[in-house]
Amino acid sequence: MQDRKTASSVQDRIEFFNIAESDYALFGRISRSLESAAPAALDKLYGKVQRTPNTARFFSSQQAIEHAKSKQIAHWTGLFSGRVDANYVAKAEKIGQVHAQIGLEPTWYIGGYAMVLEEIIKALSAGGSGSLAGLLGGKANGAVIATLVKLALLDMDIALSAYFKAEEESRQAVVDRLGVALAEVATGNFAVRLTGLPAAYGRIEEDFERMRLGIAEALKSVADGAARSNTGAAETRQAADGLALRTGRQPASP
């Protein structure tokens, strides 16, 4: 049942993006051009990534960057090496899921993709043996550019859809765990802790802990005050009873 649903979703996307046999016929040309154009485009992208604090933090070393580059080239090569099917969609969804896990916001993903796409289109339209113009006898082919852009947008659509789905599932899991913890507090269990939430929800953990400790301390103060009040009342009653007893034992005045 799930396989049929997945296949239907893939086909719906293909039809909506108007990916036809004429597009598939151009995949070979695009793939050959990517082999020469993608490395330089990625070098430019990661140069900017390293200069941007919001993105540089995701890469601990040059080795990590080189690994990311190789993965991206492999992904694009795979995209233009066959047909758009469930296997490809699963790989594109994995990218979105990883981005959600590490906290890479869509802005940086889309911006990075736009930069790479810009560089590749420029390279394809320029002269040279590895360019689109060179491959097609010096005539820029708008159909090839259109197919490249369509597939790039499809790739982003799938990854971002997976990203937002993962984010929603993460938020729902946090809401569920917070609800359970609050229910425990409501029944008087002030030892309950809210821990292990995703890093993005660390503030919720801190706020819950402050609330838990604050309520526990307030109730302890009330209980201590009540205990002191009860002790004082008991002592007052005891003193009054003693006074009454002593008074009752005194001889009546003549």
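**Figure 1. Lining of the largest pocket.** The residues that line the largest pocket divide into 19 nonpolar, 13 polar and seven charged. This view comes from a predicted model. The lining comprises 39 residues, and Tyr46, Gln72, Ile95, His99 and Tyr109 lie nearest the centre of the pocket. The space inside amounts to about 1,100 Å³. Two or more lining residues are given by each of H3, H5, H6 and H7. The largest share, nine residues, comes from H5.

**Figure 2. The chain as a whole.** The chain holds ten helices and zero strands. Of its 254 residues, 31% count as buried. Among contacts with a separation of 6 or more, 69% are made by residues 24 or more positions apart. The accessible surface comes to about 15,600 Å², and carbon and sulfur atoms account for 57% of this area.

**Figure 3. The largest nonpolar core.** In soluble globular proteins, nonpolar side chains tend to be buried together. The largest nonpolar core of this model has 41 residues, and Phe80, Tyr88, Ile120 and Leu151 have the most contacts inside it. At least two core residues are supplied by each of helices H1 (2–16), H3 (27–51), H5 (62–79), H6 (86–102), H7 (106–125) and H9 (142–186).

**Figure 4. Surroundings of Ile120.** Which residues are in contact with Ile120, leaving aside its neighbours within four places in sequence? They are Leu34, Ala37, Ala41 and Leu148.

Technical notes: Residues are numbered from 1 along each chain as its sequence is written. This is a predicted model: local features need pLDDT of at least 70, side-chain atom pairs count only at pLDDT 80 or more; totals for chains, interfaces and linings use all residues. Side-chain values use heavy atoms; hydrogens and water are left out. Helices (H or I, at least four residues) and strands (E, at least two) are DSSP runs, numbered from the N terminus. Buried means under 20% relative accessible area, exposed over 50%, partly exposed in between (1.4 Å probe, protein chains only). Contact means heavy atoms within 4.5 Å. Accessible areas come from the Shrake-Rupley method with a 1.4 Å probe; for residues, only the protein chains shown count as cover. A nonpolar core is a set of buried Ala, Val, Leu, Ile, Met, Phe, Trp, Tyr and Cys residues joined through side-chain atoms within 4.5 Å. On a 1 Å grid over the protein atoms alone, a cavity is a set of points where a 1.4 Å probe fits but cannot get out, and a pocket is an open set with protein on both sides within 12 Å along at least five of seven lines; lining residues have an atom within 4 Å of a point. Grid points are joined across faces, edges and corners, and a volume is the space filled by probe spheres set on the points. Ala, Val, Leu, Ile, Met, Phe, Trp, Tyr, Cys and Pro count as nonpolar, Asp, Glu, Lys and Arg as charged, and the others, Gly among them, as polar.
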